[in-house]
Amino acid sequence: MYRFKGKSKSPTLWKYAAPLWAALTFAFSNTSISAELKPADKFDLSEWKITLPTDNDGNGKVDEVSVKNIQKLSHPDFFYLDDEGNMVFAAPNKALTTQNSSNTRSELRHMLRGSNTRIKTHSPKNNFTVASNPISDRFAQVGGKLNATLKVQHVATRAKYPDKAPAFSVVVGQIHASKWKKKVKGFGWGNEPLKIYYKKWPQHETGSVFWTYERNLPKNDKNRTDIAYPVWGNLWTDPENPDSEGIKLNESFSYEVNVHGDVMYLSFKSDGHKTVNYAINLANGVNAYGELDQHDHPYGYTLDWNYFKAGAYNQCSTKDDDGFWYAACMGTGNWEEDKKNGDYVQVAFSHLTVGESSEPTETFKANLVMQRPVAKSDNVKIGATLNKKEAISIDAIPTSALTAIKSVAPNFAVQEVEKKYKHDHVYLDVEGKDANGNEIEFDMLQDGERWQIVEVQRDMTLEDLPFAVKTLIKKQENSDQVRRIIESKQYGTDITIYEFYLVAENGTESRKEIKSENDEVVLLDEEWKH
């Protein structure tokens, strides 16, 4: 039984603890029987425990409710049955988090041991593994199956860094590998071979569903990253509107995770959308497109212990940091205020079951995604997610801007014009071709009523770079991920800025800049400003 041991020193934690305390006191009372249904009354939770974004006992840690106690648990804000009989999970942006995470969650953890606490949580008898594990017979199960039908009802809508991939997203299903205190032969890192995401930008009517596979590598390995695969809509780095290809809030969809033998088979279904099937071997370094991943562990997750998770794992971290995962989403720690401001996630499950794996059907195998998706448009340039611009018509180019360009390039033919706001200034990017048909771009700075040229740009290849610049960029650890190079001559000076746009394995874009002046080259720590 959960008992509150005293008021937390943090008023924020107390605001979250109080409702849970009231719910648990009522639910576990020996003299009262609740007239309201609890999630376990409709869903089989005999092999599930739950983590909630609360601190009922005041120990400074998130609450973990056991398999035994979850049978009587209902929380009015974070875990309950709604009027339609759905099992609802909610998590604010700002609240207590589990160790080594900055993300809140209201999430189930599968416990194959059930309520038999004589078996430790991280014991093989409480987890599953793949068939290639040489000691697979010691585990409770080889493989397993997780089926869910759900609708995402809300995702966070405010972030300081909206372009960071995890912003506005929630994970609704996972496979997590056990983390060992003592690593053995490169396993036990606690990585995640599967996370199922829903992400919706605030300005869009629909969101995207996709899944990720994390390379099974140590945390400090630069190649340890999440590889994203599309289902409906876009991946997490694509800000384009998915429109009818996406999934609306409160629109139901299903997923099946079937780990059979060594292979994880995934199936996603939703009315009005194409069924999407994937397969990826968890015991080798081959990705879901059948390509050998040179950076992944050559034996994947062969020796790891694994378990399913399901619920609402909020990806909108309030942490303000340069790291990939930290979108600095808004949140106060007061649930009523955060809910009013939209600073939370909420997911409702209408179906959730776990069981043994099964051989996939021939129909399933015949409809596997085997190839990378074709880019939607060849006109979408690398670096677009890092340079937010507003397209304007060619006829709208200010006369003074066009005059300045024609004075240095009389035969320049304008093809595209974009306006951008950067470094507290207004710029125009005027793209086109010179007299020889070469593509160039003039970057214009507004100075009162006058526009002046500040940069003349062109795309380059690595081979075209000056030797000193090429040598310097190749010394950078991610130079093999360079996908686009722009030469920016600073108009009226001897300075040239070389912009390098890099694309990581998970699709995330980044930029590095090298300044060249009088044969001296230097890697810039901050973005070049005019």
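1. Strand pairing, β4 with β20. Strand β4 (residues 87–92) and strand β20 (residues 344–355) run antiparallel and are joined by six bridges. In this predicted model, F89 stands opposite V347 of β20.

2. Strand pairing, β8 with β20. β20 also pairs with strand β8 (residues 144–154). Nine bridges join β8 to β20, and the two run antiparallel. On the β20 side, T353 is the bridge partner of N147.

3. Confidence. The chain has an average pLDDT of 88. A score of at least 70 is reached by 88% of the residues. Residues 1–35 need a separate remark: pLDDT stays under 50 there. For that stretch the model has 64 contacts beyond four places in sequence. Local features need pLDDT of at least 70.

4. Aromatic pairs, the count. Two rings pair if their centres lie within 6.5 Å. By this rule there are 23 aromatic pairs. A pair of aromatic rings is described by the distance of the centres and the angle of the planes. Two pairs are taken up below.

5. W232 and F253. The ring centres of W232 and F253 are 6.0 Å apart and the planes stand at 75°, so this pair is edge-to-face. W232 belongs to strand β14 (residues 226–232) and F253 to strand β16 (residues 253–260), so the pair ties together parts that are 21 residues apart in sequence. Buried or exposed, W232 and F253? Both are buried.

6. Y265 and F364. Here the centres of the Y265 and F364 rings lie 5.8 Å apart with planes at 80°, so this pair too is edge-to-face. Y265 sits in strand β17 (residues 263–270), F364 in helix α5 (residues 362–366). The two are 99 residues apart, and the pair links distant parts of the chain. Both Y265 and F364 are buried.

7. Aromatic cluster. Which residues form one aromatic cluster? They are Y197, F210, W236, F324 and W325.

8. Charges over rings. R105 lies over the face of Y313, at 3.9 Å from the ring centre. K319 takes up a position over the face of Y326, at 4.4 Å from the ring centre.

Notes. Residues are numbered from 1 along each chain as its sequence is written. This is a predicted model: local features need pLDDT of at least 70, side-chain atom pairs count only at pLDDT 80 or more; totals for chains, interfaces and linings use all residues. Side-chain values use heavy atoms; hydrogens and water are left out. Rings of Phe, Tyr and Trp (its six-membered ring) pair if their centres lie within 6.5 Å; planes under 30 degrees apart count as stacked, over 60 as edge-to-face and the rest as tilted. Helices (H or I, at least four residues) and strands (E, at least two) are DSSP runs, numbered from the N terminus. Buried means under 20% relative accessible area, exposed over 50%, partly exposed in between (1.4 Å probe, protein chains only). A charge sits over a ring if NZ of Lys or CZ of Arg is within 6 Å of the ring centre and within 35 degrees of the ring normal. Two strands pair if DSSP finds at least two bridges between them. pLDDT is the predictor's confidence in each residue, from 0 to 100. Contact means heavy atoms within 4.5 Å.
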